[in-house]
Amino acid sequence: MFDLFNEILQTMRTNKLRTILTGIAVAWGIFMLIVLLGFAKGVRTAFEDSPMGQTSNVLQLWSGRTSMPFNGLGAGRTIPVRERDMKALRHDIVDNVSAVSGVLEGNTVVMRSDSSSISSTYSGVYPIMQREEQLRVTNGRFINDRDVNDASKVVVL
C-alpha cells in the first residue's frame, strides 16, 4: 500500500503540469455538476409553483387566432372556446382527464379602485379551476356554477 502512494507522489512530482491541469479539470467538472443540479432544481421548483405544475390531468382550452386563411376565411380570425367543445371533450376522454375548462385571456387593462390602480392582463376561467389549481381567495368568494348559469357579472381580483 505504501509503495502505491509512493508511486502516485513520484508521478505527480515528475508530471506537475499534467497534475495541475487534471486537478483544474476535476474541480471544473464538480463546479459544473453543482451548477447544473442547481438549475434543474430551480426549474423543477418554478414549474411546480406555476399553475401548470399544480394540476394534473386537467385540460385547458385557450382561444386564439388563426395564422392562415382557410376555406375562404381570412387569416387572423378568432377561434373562441365554446361550451359545447368542452362538453364533448369531457364526454370523450373521461378516463384520462379530471377536468376540462376554457380559459379566456384578455388584453392589458387598467383596473382602478379608490386608492390604487394596476395595469395587467386578465383571464377568465370556470369554477372548476379553483379546485383544480388550488386557488385561494383571501376576501370574498370565487366564481361558482350559479354565476356561470345566470351569466352574472362577477370578477375575482
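Strand β5, covering residues 109-112, and strand β6, covering residues 117-120, pair in the antiparallel sense over 4 bridges. This is a predicted model, and the secondary structure of the protein comes to 6 helices and 7 strands. Read from the N terminus, the elements follow the order α-α-α-β-β-β-α-β-β-β-β-α-α. The radius of gyration is 29 Å, well over the 15 Å that the globule rule gives for 157 residues, so the protein is more spread out than a compact globule.

**The β5-β6 hairpin**

- Strands β5 and β6 are joined by a hairpin that passes through 4 residues.
- Within this antiparallel pairing of β5 with β6, M111 has I118 of β6 as its bridge partner.

**The three-stranded sheet**

- An open sheet is formed by 3 strands in the order β1-β4-β7, and its pairing is mixed.
- The edge strands of this sheet are β1 (58-62) and β7 (123-124), each of which pairs on one side only.
- Strand β4, made up of residues 99-105, pairs with β7 in the antiparallel sense over 2 bridges, and L104 stands opposite G124 in β7.
- Helix α4, which covers residues 83-92, packs on the sheet and touches both β1 and β4, while its direction makes about 155 degrees with that of β4.

**Overall dimensions, burial and contacts**

- The C-alpha trace of the protein spans about 90 × 50 × 35 Å along its principal axes.
- Of the 157 residues in the protein, 11% are buried, and the accessible surface comes to about 13,000 Å², with 59% of it belonging to carbon and sulfur atoms.
- Among the contacts in the protein with a separation of 6 or more, 36% are accounted for by residues 24 or more positions apart.

**The aromatic pair in helix α2**

- The structure holds 1 aromatic pair, which is formed by W28 and F31 and is tilted, with 5.5 Å centre to centre and 40 degrees between the planes.
- Both residues lie in helix α2 (residues 16-49), where W28 and F31 are 3 residues apart and are therefore separated by about one helical turn.
- W28 counts as exposed because its relative accessibility is 53%, a value over the 50% cut-off for that class.
- F31, by contrast, has a relative accessibility of 46% and so counts as partly exposed.

- I143 is found in the loop between helix α5 (128-132) and helix α6 (145-149).
- With a relative accessible area of 18%, I143 is buried, since the class takes in residues under 20%.
- Leaving aside residues up to four places away in sequence, I143 touches V125, P127, V148, V154 and V156.
- I143 and S115 are 28 residues apart along the chain, and their C-alpha atoms are separated by 25 Å.

Key. Residues are numbered from 1 along each chain as its sequence is written. This is a predicted model: local features need pLDDT of at least 70, side-chain atom pairs count only at pLDDT 80 or more; totals for chains, interfaces and linings use all residues. Side-chain values use heavy atoms; hydrogens and water are left out. Two strands pair if DSSP finds at least two bridges between them. Contact means heavy atoms within 4.5 Å. Axes are lines fitted to C-alpha atoms, for helices over the stretch in contact, and angles run from 0 to 180 degrees between N-to-C directions. The radius of gyration is taken over C-alpha atoms; the globule rule is 2.2 Å times the number of residues to the power 0.38. Buried means under 20% relative accessible area, exposed over 50%, partly exposed in between (1.4 Å probe, protein chains only). Accessible areas come from the Shrake-Rupley method with a 1.4 Å probe; for residues, only the protein chains shown count as cover. Rings of Phe, Tyr and Trp (its six-membered ring) pair if their centres lie within 6.5 Å; planes under 30 degrees apart count as stacked, over 60 as edge-to-face and the rest as tilted.
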